[in-house]
Amino acid sequence: MSKRDPLKMVSLLAIGMVWLVIAGMPFYFMAMTGFKGQFELFSGRSVFAFPEDPSFQNYEEVLTSGSFFTYVRNSLAIVGVSVVLILLFGSMAAYIFARFRFRLNRPLFILIIAGLVIPVHVTLIPVYLFTREIGLYDSLWALLGPYVAFNLPLTIFILTDFMRLIPREIQEAAYIDGSGPIRFFFRMALPLSTPGLATMAVYNSVILWNEFVFAFVLITSPDNRPLPLAIWEYQGQYAMNIPAIMSVLTLSALPLILIYIVGQERVLKGMMAGALK
Amino acid sequence: MNSMASVRETGQVGRWRLLPRLNADTLTIFLFLLPTLVLIGIFVIWPIVNSFQLSFYKWNGIAPTREFIEFDNWSRLLRDDIFVKAFRNNLVVVSLSIAIQMPIGMGLAVLLDQGGRFFLFRLFKTIYFFPMLMSSVAIGILFKYIYDPSFGLINPALEAVGLDSWTRAWLGNTDTSLYAVIAVICWQYTPFYMVLFLAALTSVPEELRDASLIDGAGEGRYYWHIALPLVSGTVRTAIILSLIGSLKYFDLIWVMTEGGPSNSSELMATYMYKKAFPSFEVGYGSTVASALFIIVMGLAVFMLLFTRRFETEV
């Protein structure tokens, strides 16, 4: 902005505040209600009011009595392993599509990228039947296949772009020095794609941390639930104890929000990976 | 390496090859693509084919035998009022998503672009993006309570501004449930388009803005006549993303209404789930899934052709 017109500034701020309320109010409601007592909501006080007697009791109960940490651990395990495999397999495929000439290159690439538009629900029934058949039903690891497969297309798409940028000369020099295609991949192509790998690590982690449908269909036992499925089940468990549910929601949202506040630019870049290319 | 070298020398002289000659490169190609192709084959391609197969059977998913019923499921689908309603609801979600998220997203992007590096606006940007970080399940549960007629936020807020007559059970009413859900979808995804548009706006060269302002264009006309046409490619991308994404909604609707009351917020994905899982109609559920696939792919191909034509015209 070249010159600061105070009137304009004030109106911009006013509009900004309006959306701040729209975007922020649900979070305020969620976090604040978590500090309320179970029966405070029934007492007829305004729902916007600050807690009468704020206490950490709900948060404490969720963290200590239930299996909250089991769910967090499940989520961390399945998301961690999935993301590592997505990045490994994705970068391997991207390397081939970016650096090798063969007739099936383009058709295979298009086939994989077409996976971007396929709704997961189309595959739900066969994946469920298949998972039962191979005896993985109701295991955390039943999620691994679908999680990796459905997130490969975008990862390959983005990483192929990165690998195309590696100058030919570097590859030729490496080949002359006697390194073959596989060694070149691990020694040069992979390290040179670090920014792309980081972006896709963020993107896939956020998506999978929040994934629900496959977990919903493939897992039943409480011990094997990842966090989003567990939140859904908490709802039944606490039925009318709204403050307790709100504290669960707050605790489940907190990790990503904290990571985002610390590394905002990286997270934003990662989340936009699909759109910005 | 020796054996490979000899293969290279002996055979493989055909002019037309599907793959390059068998050497270190071929092996690398094969090995490096194998995990991806196997996984996508098993979890994406085969399930789609299998869905179509299952759509010709009557089966509860458990019994050892299933009955081949030809096109019965498909003719049932076309006469199924609930499916037609779900399809129509999907169209409403798609069009309202685009009509609401794009303008608001662009408006907020312009706001933040104007605010520049002023710290309050950077704070705005940070908080505006929060909804994108929450899982749809958590958002669904949260808004279920926000809409709650006794303990929620919406009705007291309406009463506070004197709109008492507007208060209702938003999710429990067949007239409002779909729109109440769409409002939440917009709340969740608008920040995504905001950041996308903001990135595009900041990439417009500074000289263009300066030049237009010197020519007396004013900020408003700068955005409308200069910036907007320059970021039209991004807007198009955003519309395609929103279109494809809107057909995939499940989590949020499932958590908030399960498609109800009486199917008023039913979408194709929730209907498919209901048929296949709680009702054990695997054959019919697969038919709904296959129809969803045909619709999404049809739209995607249409958009691709349409935008390509658009590109050559411009």
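Start by colouring two stretches of chain A: the C-alpha centres of domain 1 of chain A and domain 2 of chain A sit 37 Å apart. Domain 1 covers 6–61 and domain 2 covers 67–238, with bounds that come from an automatic or database domain assignment.

A word on bookkeeping: residues count from 1 along each chain as its sequence is written, while chains are lettered from A and ligands numbered from 1 in the order in which they are written. This is a predicted model, where local features need pLDDT of at least 70, side-chain atom pairs count only at pLDDT 80 or more, and totals for chains, interfaces and linings use all residues.

Next, select residues 124–133 of chain A, which is helix α5 (helices are DSSP runs of H or I, at least four residues, numbered from the N terminus). Seven of its 10 residues are buried, so α5(A) is largely enclosed by the rest of the structure. Buried here takes 20 or more other C-beta atoms within 10 Å of the residue's own, with C-beta atoms placed from the backbone. Among the buried ones are A:Pro126, A:Tyr128 and A:Phe130.

Now show α6 (residues 144–164) and α9 (residues 194–209) of chain A: they pack at about 155°, axes 10 Å apart (axes are lines fitted to C-alpha atoms over the stretch in contact, and angles run from 0 to 180 degrees between N-to-C directions). That makes α6(A) roughly antiparallel to α9(A), a label for angles over 145 degrees. Contact means C-beta atoms, placed from the backbone, within 7 Å.

Jump to α1 (residues 6–33) and α12 (residues 242–262) of chain A, which pack at about 115° with axes 7 Å apart. From α1(A), pick A:Met30, A:Ala31 and A:Thr33; from α12(A), the partners include A:Met246 and A:Leu249.

Last stop: bring in chain B. How many residues of chain B are in contact with chain A? There are 78, against 72 residues of chain A. Highlight α2 (residues 24–54) of chain B, which gives the most to that side, with 19 residues. The side of chain B that touches chain A divides into 59 nonpolar, 15 polar and four charged residues (Ala, Val, Leu, Ile, Met, Phe, Trp, Tyr, Cys and Pro count as nonpolar, Asp, Glu, Lys and Arg as charged, and the others, Gly among them, as polar).

Note on methods:
Buried ≥ 20, exposed ≤ 12 C-beta atoms within 10 Å, placed from the backbone. Helix = DSSP H or I, 4+ residues; strand = E, 2+ residues; numbered from the N terminus. Parallel < 35°, antiparallel > 145°, perpendicular 65-115°, else oblique. Contact = placed C-beta atoms within 7 Å.
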